Amino acid sequence: METLFLSAQAVDTAEIAANIIQNGGLVVVAADRTSARVRTRYIRQKFLGKDADFPYGVFLMTALLKAPVYFVYGLRSKTITLNPKNHIFVEKSNIDFDCPRSERENRINELCSEYINSLERKCLEFPYQWYNFYNFWLLQE
């Protein structure tokens, strides 16, 4: 099974992603990082009590691919140990994009909200395991 890892900058690879999905592969997207190059397309929503920007492109690509969406987290149950236990959490999204184009934007926002709620739950449950390497709440203008 082929797996493709995409970032917010790789929206132009949707055709490659569609082929991978069609052949039974997975496409993995980091949806908590806005693009460092394209600073104009984002979804602003509340995250952990503050406004934060999420990459519009990864949610648009998800809508265009019309594939099932899963939120996946790999987290340790013990943070200070020589032999930590790791757990994989998988949550299937309730949002699908088998809809008229006129509903797509609303569903993109719903998917982003669902992702944010899922990420918030994991951040609160495992507060030291969400690694953000830049100022996440530095809002776009």
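In the description that follows, Ala, Val, Leu, Ile, Met, Phe, Trp, Tyr, Cys and Pro count as nonpolar, Asp, Glu, Lys and Arg as charged, and the others, Gly among them, as polar. The structure is a predicted model. On this basis, the residues of the lining of the largest pocket divide into 29 nonpolar, five polar and four charged.

The space in this largest pocket amounts to about 1100 Å³, and of the 38 residues that line the pocket, Val28, Val29, Tyr70, Phe71 and Val72 are the closest to its centre. At least two lining residues are supplied by each of strand E1 (3–6), strand E2 (26–29), helix H2 (56–65), strand E5 (70–76) and helix H3 (104–125), and among the contributors E5 gives the most, with seven residues.

The helices H2 and H3, both of which contribute to that lining, also pack against each other at an angle of about 120°, with their axes 10 Å apart. Angles of 65 to 115 degrees count as roughly perpendicular and those over 145 as roughly antiparallel, and H2 and H3 are therefore oblique to each other. The crossing in which H2 passes H3 is right-handed. In the contact, Tyr56, Phe59, Leu60, Thr62, Ala63 and Leu64 of H2 meet Arg104, Glu105, Ile108, Leu111, Cys112 and Tyr115 of H3, and the residues of this contact divide into nine nonpolar, one polar and two charged.

Key. Residues are numbered from 1 along each chain as its sequence is written. This is a predicted model: local features need pLDDT of at least 70, side-chain atom pairs count only at pLDDT 80 or more; totals for chains, interfaces and linings use all residues. Side-chain values use heavy atoms; hydrogens and water are left out. On a 1 Å grid over the protein atoms alone, a cavity is a set of points where a 1.4 Å probe fits but cannot get out, and a pocket is an open set with protein on both sides within 12 Å along at least five of seven lines; lining residues have an atom within 4 Å of a point. Grid points are joined across faces, edges and corners, and a volume is the space filled by probe spheres set on the points. Helices (H or I, at least four residues) and strands (E, at least two) are DSSP runs, numbered from the N terminus. Axes are lines fitted to C-alpha atoms, for helices over the stretch in contact, and angles run from 0 to 180 degrees between N-to-C directions. Angles under 35 degrees count as roughly parallel, over 145 as roughly antiparallel, 65 to 115 as roughly perpendicular and the rest as oblique. A crossing is left-handed if the near helix is turned anticlockwise from the far one by less than a right angle, and right-handed if clockwise. Contact means heavy atoms within 4.5 Å.
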